[in-house]
Amino acid sequence: MAASIWWRRLEAAGRLWFGRCPRRSGGTSSWAETAPVLDGREEPDLTEKTIAKTFSALQAERHEQAERTILISCPSNISEKKFYKYLSSYGTISKYFFYETFGVYAVVEFSDKESIGTLKRISSIPSLQHECAVPFKSRFFNLRNNHPRELSAARPSVPYHKHAVIPLNELLRKLSGAESIDEQLYTVCKEYQITEENTRLRFLVCSLVKDIAAAYFPECSIKPFGSSVNNFGKIGCDLDMFLDLDSISGRNNTKTGGAFSMEYQTKRVSSERVATQSTLSVIGECIDQFAPGCTGIQKILNARCPLVRFSHQPSGLQCDLTANNRIAMRSTELLYIYSNIDPRVRALVFGVRCWARAQGITSNIPGSWITNFSLTMMVLFLLQKRNPPIIPTLDQLRDLAEVEDKYVIESHDCTFVSNNKIKPSQNTETLEELLQEFFEFYGNFAFNQMSINIRKGKEQHKPEASPLYIQNPFEQALNVSKNVNQTQLERFVTAARESAWILQQEGLKQRMSDTKPWGLAALLLPTMQSSGGKSKKKRQPASERIKTLLDSLKTNKSTPGYLNRTNGGRRHICTIAW
Ligand code: GTP
Ligand code: MG
């Protein structure tokens, strides 16, 4: 379950609070002036292209913030003023916020890491009546209430603003009130994207896990990857983590040129995979035994990419810890770069992911479903194929790269430009057009013969018979959607055709009233879902229904497999056998 986050904004810019905030006695500055700020209220304009920081700069900044941050389980009736006063006595707080999962938690970022050392020194291991505490001193604390009566008198407790995944019916209501399909797509993006607070929490969880791994590998780092940081994450998505041991190898240490050099004596194993498995196994064990709040540890070490899966209860995050997974890290950066090229990229990816979830095409459970990562690749491929293209191909990004962008991992070329040198596209298509194109393009794609390839931006003949073949952009001999079976692919194509058809219906393309679902909202309606066999009444396949419709209308001649655009500029889908 996703954490529902409430946050407090305490600086002058957060006038909402400033007016009510009591001033510190005896000080020259008000509490509000010195207290933390979170920028959740300053909503960026999602329709604008913004100059984004490079991925590595952003990661480094977040990582450093997380190292100065602690997590505290608080009494539910905590007085914010007293909380702040108490913690400030250990050091300057630069930011904090509260959230609620199965209790009240506070995330507190100090200006200086040393403050955490001070706090640790005065904190004690709890003495329990019927159990015994494992004395591991983490950065996850419990704030004990020494004067319960005083605190309960301090009600109302921390005022808050909830940040949870918006329920589908509320989303549908918002979408139905939008002015255009473009606005609907930006609304989905805004409502579903990971918040600032949630991002901080994700980096903090990585940092807490790093404290465990650092017992064995002091110089290691734990980095989030995947949708937590690629700009396509939905609040509540899993937290993919990568244990980076690269920096500890010392292979880049400058050679002294002397008569000798020193190496560590090490255990030797048969392959890097075996080394990864044993490292993850030990760290998984430590997380299980020592890390407070981490439960349900599963070691999935025989997977293609060995991992340790667990739930971090205080944050509500489902975590996957991998090691030696630098290519996935690079894919994450690539997606981050694509997301920043044009605001339509994120909006379309969010819209398509949301649509696919509502249709039961994607699932939280691993299996033969299409994954969000594959869907994102499909959207990117479509955007590369527009005329003019909205985003460049991976080969074009590689050609723009400079020396410092060169990156080869296990002989795979992972080079691409890492900054904002990519020129904006001249393409002016609306999101409505692009969404329609997505459904039509993939509703008619020759999946039986062709593969999707974002490196070239062109479909190519499939090298093998997987129903859906999306070439891995870096390990080019691999298919990122190898898990997808024919049934799931057919469900995707059927839903795409059906959605293309629904979107074409005049009444559903335009807002008729504030309440009636139209446009994207019409595609998310539970009645349209074909998931999980919930609906007992079997619908006629969309392609059949479209065929019937087209036959009955006796529209213009149509060429199988292509779109007929001759009807006054309006598009119809022709049926194809695939
Ligand atoms: P959600 O978790 O569903 O929100 O999306 P995600 O992008 O995080 O996907 P997932 O958790 O399944 O995978 C995490 C990351 O691993 C992805 O973003 C990719 O960078 C990478 N990844 C996932 N599947 C594959 C695959 O089949 N091949 C490759 N090369 N990378 C993958
Ligand atoms: Mg993920």
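**Close-up views of a predicted model**

View 1. Asp240 is buried, its relative accessible area being 13%. Asp238 counts as partly exposed, at 28% relative accessibility. Across the sheet, Asp240 stands opposite Asp320 in β11.

**View 2. The open sheet.** An open sheet is formed by 5 strands in the order β7-β8-β11-β10-β9, with mixed pairing. At the edges stand β7 (221-225) and β9 (294-300); each has a single partner strand, so one side of each is left without a neighbour in the sheet. From one strand to the next, the twist averages 25°. Strands of a sheet pair through backbone hydrogen bonds, either parallel or antiparallel. The pairing of β8 (residues 239-244) with β11 (residues 317-323) is parallel and runs over 5 bridges. Helix α10 (residues 272-290) packs on the sheet, where it touches β8, β9, β10 (307-312) and β11. The direction of α10 makes about 165° with that of β9.

**View 3. Phe445 in a loop.** The loop between α15 (431-443) and β14 (450-451) contains Phe445. With 5% relative accessibility, Phe445 counts as buried. Phe445 and Val493 are 48 residues apart in sequence, and their C-alpha atoms are 8.6 Å apart in space.

**View 4. Two cysteines.** Cys132 is exposed, with 71% relative accessible area, whereas Cys354 counts as buried at 8% relative accessibility. How many disulfides does a search of the whole structure find? The search finds 0.

Conventions: Residues numbered from 1 in each chain as written. Chains lettered and ligands numbered in written order. Predicted model: local features only at pLDDT ≥ 70, side-chain atom pairs only at ≥ 80, totals over all residues. Heavy atoms only, no water. Disulfide = S-S within 2.5 Å. Buried < 20%, exposed > 50% of the residue type's maximum accessible area, 1.4 Å probe, protein only. Helix = DSSP H or I, 4+ residues; strand = E, 2+ residues; numbered from the N terminus. Pairing = 2+ DSSP bridges. Axes fitted to C-alpha atoms, helices over the stretch in contact; angles between N-to-C directions. Contact = heavy atoms within 4.5 Å.
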